[in-house]
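Reader: I would like to go through some of the labels used for this model and see what each one rests on.

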Amino acid sequence: MNRRNFIHNTSRAAMALPFLRLPVFMKALRMGIVVHSYGARWNSKFESEKYPGFKDAIDLMEHSHKIGAGGVQVNVRDWSQDFAKKVRDRRERLGLFVEGSIALPKDESDVSRFEKEILAAKEAGSAIVRTVCLNGRRYENYKSLSAFQEFARKAVTSLELAEPVVRKNKIRLAVENHKDWRAQELVDIMKKLGSEWLGVTLDFGNNLALIEDPMDVVNALAPYTFTTHVKDMGVREYEDGFLLSEVPLGEGILDLKKMFDVCRKHREDVNFNLEMITRDPLKIPCLTDGYWDTLPEVAPTEIAGILRLVKQQSFETKLPHVSHLDGEQRLSAEENNIIASLQYSKSNLGMS
């Protein structure tokens with residue numbers, strides 16, 4: 001082949017590339033943003049010119065695209081089909097992915113509401129919908145093991161009601177480890193239900209609150225994971241246990257690179273979504289008797305391991321607090337944390 005033919009053929013191949021379907025391993029990793037990262041800005045009641053509030057998913061998408069995110073995970077509640085189409089059109093124009101976030105059906109009478117939201121998410125272009133079984137924290141919501149076991153029974157029933165709906169509509173439902181399930185409990189639920197349409201939203205840091213090593217949680221749940229909540233965690237001791245805070249990526253104790261690698265090993269098309277919640281530290285009162293009422297079988301070695309981790313990897317300064325800030329300062333802190341985390345994901349975690 002002479003030089004002229006080589007250049008001609010190479011140019012033709014390059015022009016054809018946009019139309020090729022690239023294998024998953026060649027696709028760029030893009031970091032999405034979980035709506036909870038914008039707790040202060042989402043439906044904000046504070047008037048700000050620099051940080052205007054987001055009234056809906058489209059506002060969140062526009063801003064996320066502007067700051068270099070690749071997608072969003074956002075609540076789908078009360079979406080009309082018309083609004084879902086608007087979300088789809090904006091998603092396609094911006095080149096983002098969208099994941100819905102919806103509540104499980106409480107009982108048979110609630111299945112129609114659940115399916116309506118599934119259809120809205122699908123219309124918007126969601127292939128994955130995130131859900132939780134508990135809108136709270138296990139050690140705060142329940143004061144006895146029997147009460148927690150009743151919750152667990154109802155949660156499995158809700159997932160059994162949800163499964164035929166997501167299977168019929170071919171959309172994956174991802175259950176978060178939301179300070180409710182320890183890793184093996186959620187694995188057992190996935191095995192019990194045994195559906196390719198049910199999996200996990202893997203939160204990288206939540207289970208520290210349930211005295212589990214974050215890397216052990218990732219290793220256990222990654223085989224079932226459809227999508228993720230990416231975060232880094234800071235810890236410090238306090239008199240009843242330890243304090244737990246989301247901190248900008250790279251400033252905490254999690255081995256994020258290793259966690260990413262484990263997730264990708266099990267599912268190359270797994271989605272990564274930043275959940276950088278800017279708030280005061282959570283109190284994990286693991287040195288009080290009541291904390292253990294719903295956690296009777298945690299091994300002493302696990303307890304010792306987490307307490308040792310807290311002592312050895314304690315945040316160097318006071319953990320971030322925002323409750324004393326005025327509205328503008330809080331909005332600024334929130335945005336700065338998100339921007340810093342996105343930049344870290346691009347420079348250290350291979351995100352585009």
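Reader: Why is Ile-211 called buried rather than exposed?

Author: The model is predicted. Ile-211 has a relative accessible area of 2%. Buried means under 20%, so Ile-211 is buried.

Reader: Where does Ile-211 lie, and what is its phi?

Author: Ile-211 lies in the loop between β6 (198-203) and α8 (214-221). Its phi is positive, about 60°, although Ile-211 is not a glycine. Most residues other than glycine have a negative phi.

Reader: What makes Asn-43 partly exposed?

Author: The relative accessible area of Asn-43 is 40%. Buried requires under 20% and exposed over 50%, with partly exposed in between; 40% therefore makes Asn-43 partly exposed. Asn-43 sits in the loop between β1 and α2, and its phi, near 50°, is a positive value in a residue other than glycine.

Reader: Which residues of helix α2 are buried, and what do they pack against?

Author: Helix α2 covers residues 57-66, and its buried residues are Ala-57, Ile-58, Leu-60, Met-61, His-63 and Ser-64. They pack against β1 (31-34), β2 (71-75), α3 (81-94), β3 (97-101) and α11 (327-348).

Reader: How do you know that Asp-56 makes a polar contact at the start of α2?

Author: A side-chain oxygen of Asp-56 comes to within 3.1 Å of the backbone nitrogen of Ile-58.

Definitions and conventions. Residues are numbered from 1 along each chain as its sequence is written. This is a predicted model: local features need pLDDT of at least 70, side-chain atom pairs count only at pLDDT 80 or more; totals for chains, interfaces and linings use all residues. Side-chain values use heavy atoms; hydrogens and water are left out. Buried means under 20% relative accessible area, exposed over 50%, partly exposed in between (1.4 Å probe, protein chains only). Helices (H or I, at least four residues) and strands (E, at least two) are DSSP runs, numbered from the N terminus. Contact means heavy atoms within 4.5 Å. A polar contact is a pair of N or O atoms within 3.5 Å; within protein, one must be able to donate a hydrogen and the other to accept it, and residues adjacent in sequence count only if both atoms are side-chain atoms.
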